[in-house]
Amino acid sequence: MTDTQQRMAAKEFAAYWKGKGYEKGESQVFWLSLLRDVYGVEQPEKKIEFEDKVHIDNTSFIDAMIPSTRVMIEQKSLGKNLNKPIKQSDGSLLSPFRQAKRYITDLPLSQHPRWVVTCNFAEFCIYDMEQPNSEPEKLLLENLEHEYYRMNFLVKNDDENIKKEMEVSLAAGEIVGLLYDAFAKQYVDPNSEHAMRSLNVLCVRFVFLSICGGRGHIWSPRYVPRLFGGVRYPSNAACGDRFVSYPRHRARKT
């Protein structure tokens, strides 16, 4: 699935399930549809297991497990608070996450989940068991269209990106700001219109290089003029207004 297709599928899924959600009657349909329609799993019934037995003080059932990606799911009905304790069949009071942790103690070590997801049809709370005492990442069903990538771990063992892109973007923005300030100090008049324009272009192209730098040919004479064509930058801070410039790249006529 392309990104556009996946976003559309997530949007349709969220619209269909808005206001729906009965734990006993709709949990399996919900998760099978999520895996098939949003995450592209062709036969999700072969990937996810429902109602596995565990024996604690009495026989209990894990709502869902995805063994291949080591995910445990504790599902609740729409409207249930995922942070508050809920009365169990043995009379104890446990939050959905505490309930899942109790199930984990009955499993062989090789079957312990990396991820625990608690869900009430409108919200997903994602717990990384590599950091069992940290706060969960939360994803609202209504935001699934734009944040579906945060649950790629359901189907991909090597995808641990459960953070919002906004947080990553803010951190990247701070780094670019530091880069801009460092370059600006090398200009005689960094506040001039031409200098600011050149600084902006230069920073954007360095961001491009940071993404594509793994490709060895990116620094070759063939590509450097394309990246820095027309950008003037100081050859030396002591050189006054003397600048070094790459000529603008001109495409060859065919």
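**Figure 1. Helices α1 and α2 pack against each other in this predicted model.** Helix α1 (residues 3-17) and helix α2 (residues 23-38) meet at an angle of about 165°, and their axes lie 9 Å apart. Angles over 145 degrees count as roughly antiparallel, so α1 is roughly antiparallel to α2. The crossing of the two helices is right-handed. On the α1 side, the contact is made by Q6, A9, A10, F13 and W17. On the α2 side, E26, V29, F30, S33, L34, D37 and V38 take part. Sorted by class, the residues in this contact are eight nonpolar, two polar and two charged.

**Figure 2. Strand β6 is mostly covered.** Strand β6 spans residues 115-119, and five of its five residues are buried. In a regular strand, side chains alternate between the two faces of the sheet. In β6, W115, V117 and C119 lie on one side, V116 and T118 lie on the other, and both faces are covered.

**Figure 3. Strand β6 pairs with β3 and with β7.** Strand β3 (residues 71-75) runs parallel to β6, joined by five bridges. One of the bridge partners is given by Q75, which pairs with C119 of β6. Strand β7 (residues 123-128) runs antiparallel to β6, also joined by five bridges. Here C119 stands opposite F124 of β7. The hairpin of β6 and β7 has three residues between the strands, and F121 in this hairpin takes a positive phi near 75°.

**Figure 4. S60 is a buried residue of strand β2.** Strand β2 covers residues 59-66 and includes S60. S60 counts as buried because its relative accessibility is 8%, and buried means under 20%. Leaving aside residues up to four places away in sequence, S60 touches D52, K53, V54 and Y103.

Note on methods
Residues are numbered from 1 along each chain as its sequence is written. This is a predicted model: local features need pLDDT of at least 70, side-chain atom pairs count only at pLDDT 80 or more; totals for chains, interfaces and linings use all residues. Side-chain values use heavy atoms; hydrogens and water are left out. Helices (H or I, at least four residues) and strands (E, at least two) are DSSP runs, numbered from the N terminus. Buried means under 20% relative accessible area, exposed over 50%, partly exposed in between (1.4 Å probe, protein chains only). Contact means heavy atoms within 4.5 Å. Axes are lines fitted to C-alpha atoms, for helices over the stretch in contact, and angles run from 0 to 180 degrees between N-to-C directions. Angles under 35 degrees count as roughly parallel, over 145 as roughly antiparallel, 65 to 115 as roughly perpendicular and the rest as oblique. A crossing is left-handed if the near helix is turned anticlockwise from the far one by less than a right angle, and right-handed if clockwise. Ala, Val, Leu, Ile, Met, Phe, Trp, Tyr, Cys and Pro count as nonpolar, Asp, Glu, Lys and Arg as charged, and the others, Gly among them, as polar. Two strands pair if DSSP finds at least two bridges between them.
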